[in-house]
Amino acid sequence: MTTKLVGAKVQRVEDQRFLRGQGRYVDDIDVHAGTPTLHAAVLRSPHAHARVRDIDVEAVLDVEGVHAVWTYQDLADLSVNLADPLPLLIPHPALTHGRTQYALAKDEVNYVGEAVAFVVADDRYLAEDAVDRIRVDYEPLPPVVGIDAARAAEHLVHEDVPGNVGARLEQEVGDARAAIADAPHRLSLDLTVERSASTPLEGRGVVARWDPDIGRLQVWTSTQTSTGVRAAVAVKLGLDLGQVDVITPDVGGGFGVKINHPWPEELLVPAAARALGRTVKFTEDRREHFISAAHERGQVHHVEVGFDDDGRLLGLDVTFWHDHGAYTPYGLIVPIITSTQLLGPYKPQSYRVVFESLYTNTVMVTPYRGAGRPQGCFVMERTMDAIAAHLHKDRTEVRATNFIQPDEFPYDQGLVFQDGRELEYDSGDYPRSLEMIKRLVGWDEFEAFRAEMAAEGRRVGIGLACYVEGTGVGPYEGAHVHIETTGKVKVATGLTTQGQGHATVFAQLVADELGVPMTDVEVVTGDTRRMPYAVGTFASRSAVMSGSAVHLAAKRAKEKVLRIASDALEADVDDLEIVEGVVSVKGSPGASIDLGTVAVLSNPLRYAFDEKSRAATQFTVGDPGKPPVAEDDEPGLEGKDFYSPERSTFASGMHAVIVETDPDTAEVRILKYAVVHDCGNLINPMIVEGQIHGGIAQGVGGALYERMAYDEHGQLLNASFMDFLMPYVTEVPDTIEIDHLETPSPLNPIGVKGAGEAGVIPSAAVFAAAIEDAEAHDHPGLAITGMPISPSELFALRQAQEPLLKQHEEDA
């Protein structure tokens, strides 16, 4: 009997290729047809805010080896749509003043790094030299940098956007302000999360080739949505969808920044390929990625909360301001997620949330792994810790008091989520998760450990954070499963892959359903030639969406296998089974037929090419009284299906950490990290744990190191890996204790929920809690209200406490 693969810790099939240096990324693509590939470079604005008075390209025009130099004025000649602003991808009624940039700046630049001119030359060196020859006359304007400046609105990013407010959105369940006013206990908190960014190892890149003989464009791009780029390129270049193929090869990390599309280069490079009749390539360098890709995280929150003697939330009122940078191509997705996912596993009796999304003269904001959830989790969990401190209760007790209970699912929070559907949790068991995380981290034994460490002069603290993550957002994904005459199975799905292990988990699903060895299953993603209709890889949706579609497509293929095999074996479908790629009659293994032969029989032939195909020719098989292909059938052995959910699934988890803070240097050291995670049925626990490990590493960076530091002029001060701090392996926990809880989702056929962002969501919250706890004895009252926190900032917080401590000692 074939061993069941779903639920097993199967080794990733992708790893050998990557470990041997056989990955193939956009910069590796070399598809020139007889003539060498041309290379592009971009002139970018050195100003955060300025009018463009004039662009002089004369010094470039006669340079040997330069094939094109374009400014905004040239775009309309290439395609009428190319001169329009880039798309606002996700419109929203509350986004009353949405703005997007042009492929090349028109009249004004609004952040350092905005594309101004585009050069194509024989090689990148020449293209960069040509860019340096272009002269631009700028009229600097006052920049708006940071949320405080945006709110003050002494200057405007866009002169037609009053107060720099792109959007204001309010949602409320009950009457939160009245509930807070009547509550026996009330608290106010002001909390901040600074700006950060994805910084994948591979930046953006695009290669394009135009075939004039067939009028077809091929584009290779490092993206999280091949089909999205395809649609955008077709519209902007005035082509039919069928004239554009987009292929996403291996991607060296995405984390959200590559879900935005189209980037200016994803339009300019294909336009150049068509105009010049040559293959054209653009590869972003590291500084370009820092100053011209996308950032995230920057928010400021004000919280008012009312609660009873048990810590039960009677009213929660949150107002926050979201810095979306200079443009809003991805709409309000990030702040909407923050405003709704802030609630986590809790059920306040009333809740009001209001946010304003603000323009600043900085790089635009699009989702970064977690996509608004880390900010929401930080705010909610800091509020829970504050309530526990106010009531002198254990932090876990206050959380347990507010949990949604297992018998309350599905649980409707009464809000509208990022997909426009109700925020209704499908499944979970939060009390059980709390029991598991307490045991895993040693919560109840911690005070004894703290006393032991204190005897050695060491400060330690423990923190806990809970979260709920909306995953598997729609609208749909599809899959195609094709069984070859060799018995091999080819699987195609339209989303792209950036390290999630799709080739492994989708093969597990197909191998189990079709009863074939996993080594016989090949998975292709991100190629519009193989699957032209898809949405993309984001929001922890791959397993839910494409996993379900792959499962359904495999079932369709299996149904046809059994139908054809039943005719060949003269047996009832219900009496058949598929084991190791062979269909046989249960209990009679001698009566069998392999999948390859079934595939041959599925395609009636006129011509025989070998002994196998001879079995499907017109004088060998078929009923002369019936059509060779029935009216409700088609040739070939394949299945195709799409999965479209009613609404999102909601994964959940809890993280706990024990840290040590140095009494002298304020450095933070991680002693123990524990995770309990519920993503429904586990397809591959090893891959889920790998996702969690990677997320935690990213979360450590976001909590303790990484931030985008702008000065008042809108210049990014740390736009290199020399200056942008990231955790090394020495800063990431050596061992992460992980336990899984499985509460299957009732919303999809395989009962899964997403896992891709789980590791990063609670990081800021859990570290803030643990560090504050470590400092509580020596610096009572020290509150961590902003993240990330560096040793110097913790040291400053300690110093700010010193006068209060001295006063307290004198009063005593």
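Predicted model: local features only at pLDDT ≥ 70, side-chain atom pairs only at ≥ 80, totals over all residues.

Reader: Thanks! Which stretches make up domain 1 and domain 2 of the protein chain?
Author: The domain assignment gives 408-471 + 647-812 for domain 1, and 477-602 + 637-643 for domain 2.

Reader: And how far apart do the C-alpha centres of domain 1 and domain 2 lie?
Author: Those centres are 40 Å apart. The contact involves 19 residues from domain 1 and 16 residues from domain 2.

Reader: How much area do domain 1 and domain 2 bury between them?
Author: About 1,200 Å², with 64% of that on carbon and sulfur atoms. On the domain 1 side, Ile683, Pro749 and Ile750 lose the most area to domain 2, and together they account for 39% of what that side buries.

Reader: How many salt bridges does the rule find across the interface of domain 1 and domain 2?
Author: The rule finds zero salt bridges there. Polar contacts between domain 1 and domain 2 do turn up, in six residue pairs.

Reader: Which elements give two or more residues to the side of domain 1 that touches domain 2?
Author: Those are strand 20 (459-471) and helix 19 (685-704). Strand 20 gives the most to that side, with three residues.

Reader: Switching topic: is helix 15 largely enclosed or largely open?
Author: Largely enclosed by the rest of the structure, because twelve of its 13 residues are buried. Among the buried ones in helix 15 are His502, Phe506, Gln508, Glu513 and Leu514.

Reader: What span should the 13 residues of helix 15 have, at 1.5 Å a residue?
Author: Helix 15 (residues 502-514) should span 18 Å.

Reader: Nice! What follows helix 15?
Author: Gly515 follows helix 15, and its phi is positive, near 70°.

Reader: One more: where is Ser720 found?
Author: Ser720 sits in the loop between helix 19 and strand 30 (736-740).

Reader: Why does Ser720 count as partly exposed?
Author: Because its relative accessible area is 23%, and partly exposed runs between the 20% limit for buried and the 50% limit for exposed.

Reader: How far apart are Ser720 and Val573?
Author: They are 147 residues apart in sequence and 63 Å apart in space, going C-alpha to C-alpha.

Notes: Residues numbered from 1 in each chain as written. Heavy atoms only, no water. Helix = DSSP H or I, 4+ residues; strand = E, 2+ residues; numbered from the N terminus. Expected span 1.5 Å × (residues − 1). Buried < 20%, exposed > 50% of the residue type's maximum accessible area, 1.4 Å probe, protein only. Domains from an automatic or database assignment. Contact = heavy atoms within 4.5 Å. Buried area = accessible area lost by both parts, 1.4 Å probe. Salt bridge = Lys/Arg side-chain N within 4 Å of Asp/Glu carboxyl O. Polar contact = N/O pair within 3.5 Å; in protein donor to acceptor, adjacent residues only side chain to side chain.
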